[in-house]
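This report walks through one protein chain, beginning with a single pair of residues and widening to the whole fold. Please keep the sequence and the model in view while reading.

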Amino acid sequence: MANLFLVSVLSILGMALTSINAATTYTVGDTSGWDISSNLDTWANDKKFQVGDALVFQYSSSDSLCEVTKPNFDSCNTTNAINTYSNGNTTVPLTKPGARYFICGNKLYCFGGMKLQVNVEGDDQASPTGAPQTQPEASLPQPSSKSNNPAALVPSSSSSISGRDNSVFLAFLCFMSTVFWVV
């Protein structure tokens, strides 16, 4: 009986720890991708970005993506960008807490709303073990045009992120039910 109890407790704790540290990969703009037609402000509103998550930007090979400072974000200025990407399929790992700013390299598109601010929440870990890593541009496939279907290439960001918030509570409930079941 004691062995069954110990196995149950270890299983529950393992599941809780796995779901607490689980990273989420978000496809920016969902099926529309990083595009002038996407409402990026609305897209980001219901998301809770955590250290260890990643943003996937999918865009036409004629567009580009720049990570910039707050002043350059506000003015759509690509001069002195922190990072510039143009491969059409860019993964940006969120490795530290704080605000991150992304704009389209085309200033007119940026003024038209093709820009994104995300606020990354920290969690006492500087860089989680499971954090996605940026891949070099040369190894990523080059899309031929915007007509590519981003939904077919990368899973949607609609995956459940609420498990991260409720996993400790669920682990506690499972633990208590095991205790009452054994007693």
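Gln58 stands opposite Asn89 in S6. This is a predicted model, in which local features need pLDDT of at least 70 and side-chain atom pairs count only at pLDDT 80 or more, while totals for chains, interfaces and linings use all residues. Residues are numbered from 1 along each chain as its sequence is written, and side-chain values use heavy atoms, with hydrogens and water left out.

Strand S3 (residues 54-58) and S6 run antiparallel and are joined by 5 bridges; two strands are said to pair if DSSP finds at least two bridges between them. The names follow DSSP runs numbered from the N terminus, with helices (H or I) of at least four residues and strands (E) of at least two. Strand S6 (residues 89-93) is mostly covered, since 4 of its 5 residues are buried, where buried means under 20% relative accessible area, exposed means over 50%, and partly exposed lies in between (1.4 Å probe, protein chains only).

## Thr90 and its surroundings

Thr90 has its place in strand S6 and is buried, with a relative accessible area of 3%. Its side chain makes a polar contact with the side chain of Asn87 at 2.8 Å. Such a contact is a pair of N or O atoms within 3.5 Å; within protein, one atom must be able to donate a hydrogen and the other to accept it, and residues adjacent in sequence count only if both atoms are side-chain atoms.

If neighbours within four places in sequence are left aside, Thr90 is in contact (heavy atoms within 4.5 Å) with Leu55, Val56, Phe57, Tyr59, Leu65 and Tyr85.

## Aromatic rings

A search of the whole structure finds 6 aromatic pairs. Rings of Phe, Tyr and Trp (its six-membered ring) pair if their centres lie within 6.5 Å, and planes under 30 degrees apart count as stacked, over 60 as edge-to-face and the rest as tilted. Trp34 and Phe57 form an edge-to-face pair, at 5.2 Å centre to centre and with 85° between the planes. This pair links distant parts of the chain, for Trp34 is in the loop between strand S1 (25-27) and helix H2 (40-45), whereas Phe57 is in strand S3, 23 residues apart. Trp34 is buried, with a relative accessible area of 0%, and Phe57 is buried with a value of 0%.

Trp43 and Phe49 form a tilted pair, at 6.1 Å centre to centre and with 40° between the planes, and both of these residues are buried. Ring pairs link Tyr26, Trp43 and Phe49 into a cluster.

## The nonpolar cores

The largest nonpolar core has 21 residues, and those with the most contacts inside it are Trp34, Leu55, Phe57, Phe102 and Leu116. H2, S3, S7 and S8 each supply at least two residues of this core. A nonpolar core here is a set of buried Ala, Val, Leu, Ile, Met, Phe, Trp, Tyr and Cys residues joined through side-chain atoms within 4.5 Å. Not counting residues up to four places away in sequence, Phe57 touches several residues, including Val28, Trp34, Leu65, Phe102 and Leu116.

Apart from the largest core lies another core, of 7 residues, among them Cys66, Val68, Phe73 and Ile103.

## The open sheet and the whole chain

5 strands form an open sheet in the order S2-S8-S7-S4-S5, and the pairing is mixed. The edge strands are S2 (49-50) and S5 (83-85), each of which pairs on one side only. S2 and S8 pair in the parallel sense over 2 bridges, and the bridge partner of Phe49 in S8 is Val120. S7 and strand S8 (residues 115-121) pair in the antiparallel sense over 6 bridges, with Gly98 standing opposite Val120 in S8. Strand S4 (residues 65-68) and S7 run antiparallel and are joined by 4 bridges; in S7, Ile103 is the bridge partner of Cys66. Strand S7 (residues 98-104) is mostly covered, with 5 of its 7 residues buried.

There are 6 helices and 8 strands in the protein. Of its 183 residues, 38% count as buried. Residues 24 or more positions apart account for 77% of the contacts in the protein with a separation of 6 or more.
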